[in-house]
Amino acid sequence: MTDTIFNLAPTPGARARTALGRRNLVLVGLMGAGKSAIGRLVAQQLGLPFIDTDTEIERVSRMTISELFAAYGEDEFRALETRVIKRLMRSGPRVVSTGGGAFINDKTRKQVERGGISVWLKADLDVLWERVNKRDHRPLLKTENPKQTLKDLMDKRYPIYGLADITVQSRDERKEVIAGEVLTAIIDHIGKDGRS
């Protein structure tokens, strides 16, 4: 009979989950950065529920994001988005994927700071464009030159996304790899910061 040695070291998901405590993990970034796809994988690894704020907004309003923009405009949509995120930040922990403009709003950003750890999924223009140009459901890209609009959004929003607690590069790589990098970044950030 041979002795079997079991590796009982905690997984990165378990270590990141312990580090998060009761805080939410909030993914921010531009459309096409992979917030929903990566967020679902990270939530699985953490053993936490996943919520996409755009889906939640559509559920509570009984309208699509495009319909909300068309009927009420961006300002009203952002006000609703802030209320939804405020409610989500009150309880946790969970993984929350936000719309591209959510973190840009000062009030929403303060809610995220109070209730979670923010992770910016940063992507280059070509990566984002490759991901978003195949579908036409993005209200902000319904312009004459959508790629230039996307570039303009990057120029305006990237300095604000840079305020996130953690930055992980989203690129042309398997989702599982990026999700693993998010988990490692959480462990590193909270370990350095001492906020556990």
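Start by selecting Arg 109 and Asp 106 in helix H5 (residues 106–115): they sit about one helical turn apart because three residues separate them. Helices here are DSSP runs of H or I with at least four residues, strands are E runs of at least two, and both are numbered from the N terminus. This is a predicted model, where local features need pLDDT of at least 70 and side-chain atom pairs count only at pLDDT 80 or more, while totals for chains, interfaces and linings use all residues. Residues are numbered from 1 along each chain as its sequence is written, and side-chain values use heavy atoms, with hydrogens and water left out.

Show the side chains of that pair. Arg 109 and Asp 106 meet in a salt bridge, 2.5 Å from N to O; the term means a side-chain nitrogen of Lys or Arg within 4 Å of a carboxyl oxygen of Asp or Glu. Arg 109 is buried, at 11% relative accessible area, and Asp 106 is partly exposed at 45%. (Buried is under 20% relative accessible area, exposed over 50%, partly exposed in between, with a 1.4 Å probe and protein chains only.)

Next, jump to helix H3 (residues 53–61) and pick Glu 56 and Arg 59, again three residues apart, about one turn of the helix. Their side chains form a salt bridge of 2.7 Å, N to O. Glu 56 is buried at 11%, whereas Arg 59 is exposed at 53%.

One more pair: Arg 174 and Glu 176, whose side chains meet at 3.8 Å, N to O, in a salt bridge. Arg 174 is exposed at 52%, and Glu 176 is partly exposed at 43%. The count for the model comes to nine salt bridges.

Now for the strands. Select S4 (residues 116–122) and S5, which run parallel and are joined by four bridges; strands pair if DSSP finds at least two bridges between them. Lys 122 stands opposite Gln 169 in S5. Which residues of strand S5 (166–169) lie on its covered face, and which on its uncovered one? Ile 166 and Val 168 are on the covered face, Thr 167 and Gln 169 on the uncovered one.

Last stop: Arg 90, in the loop between helix H4 (65–89) and strand S3 (95–97). Arg 90 counts as exposed, at 62% relative accessibility.
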